[in-house]
Amino acid sequence: MDRFQAETLAALPRRLIEVPRHWATETPDAPAVWFQDRLWTHADILAGIEAARAVLVDAGVRAGDRVALVIENGVAGLCYFQAIAALDGWAVLANARLSRRELDVIFEDSGARFAVFGTGESEAAAKHADGREVTRVTGRHHADIALCGLNDAAPAEPVFADPADQIAAMIFTS
């Protein structure tokens, strides 16, 4: 590795959460995301991430847990993805438009301990949450979600201080 590459890698944040925290500190009122006719500032996004993190901690999500995100594009998905990463968990990204069978296979194959359904931003995610034992969470800082436990016996993955070794996401496609 040459000097430029080494310096570039050394300048990267150690964890994904450092990026929204940086921008919320440096430019809290600056536009960050425009979604569904609403402008979200960097401070708004960080507040959403922290609210999502609190929901996950209250549910029992631990560092190293795999948490499935059944979402479509939206701010809640962004906030929960960052919240999982902030807890050193693994986000298991799954498109809400998959069939229930496909999602169940992903849940099993990924070893996810919990699932978050982006019910307030996706009719498909809301349908997947129906018929499952979920806790519905009304979002103050983002759209509503539904949360359910999948596999309480799922082991937590190791957490590594070195960002080169830490996993942030598993992405399933069809």
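Asp 65 counts as buried because its relative accessibility is 0%, where buried means under 20% relative accessible area, exposed over 50% and partly exposed in between (1.4 Å probe, protein chains only). Salt bridges that share partners join Asp 65, Arg 62, Arg 113 and Asp 152 into one network. Within it, Arg 62 pairs with Asp 65, the closest N and O atoms being 2.8 Å apart. Arg 62 has 34% relative accessibility and therefore counts as partly exposed.

This is a predicted model, in which local features need pLDDT of at least 70 and side-chain atom pairs count only at pLDDT 80 or more, while totals for chains, interfaces and linings use all residues. Residues are numbered from 1 along each chain as its sequence is written, and side-chain values use heavy atoms, with hydrogens and water left out.

The structure holds twelve salt bridges (a side-chain nitrogen of Lys or Arg within 4 Å of a carboxyl oxygen of Asp or Glu). One of them joins Asp 88 and Arg 15 at 2.7 Å, N to O. This pair links distant parts of the chain, 73 residues apart: Asp 88 is in the loop between α4 and β4, and Arg 15 in the loop between α1 (3-11) and α2 (18-26). Helices (H or I, at least four residues) and strands (E, at least two) are DSSP runs, numbered from the N terminus. Both Asp 88 and Arg 15 are buried.

Arg 136 and Asp 130 also meet in a salt bridge, at 3.1 Å, N to O. Asp 130 counts as partly exposed because its relative accessibility is 44%.
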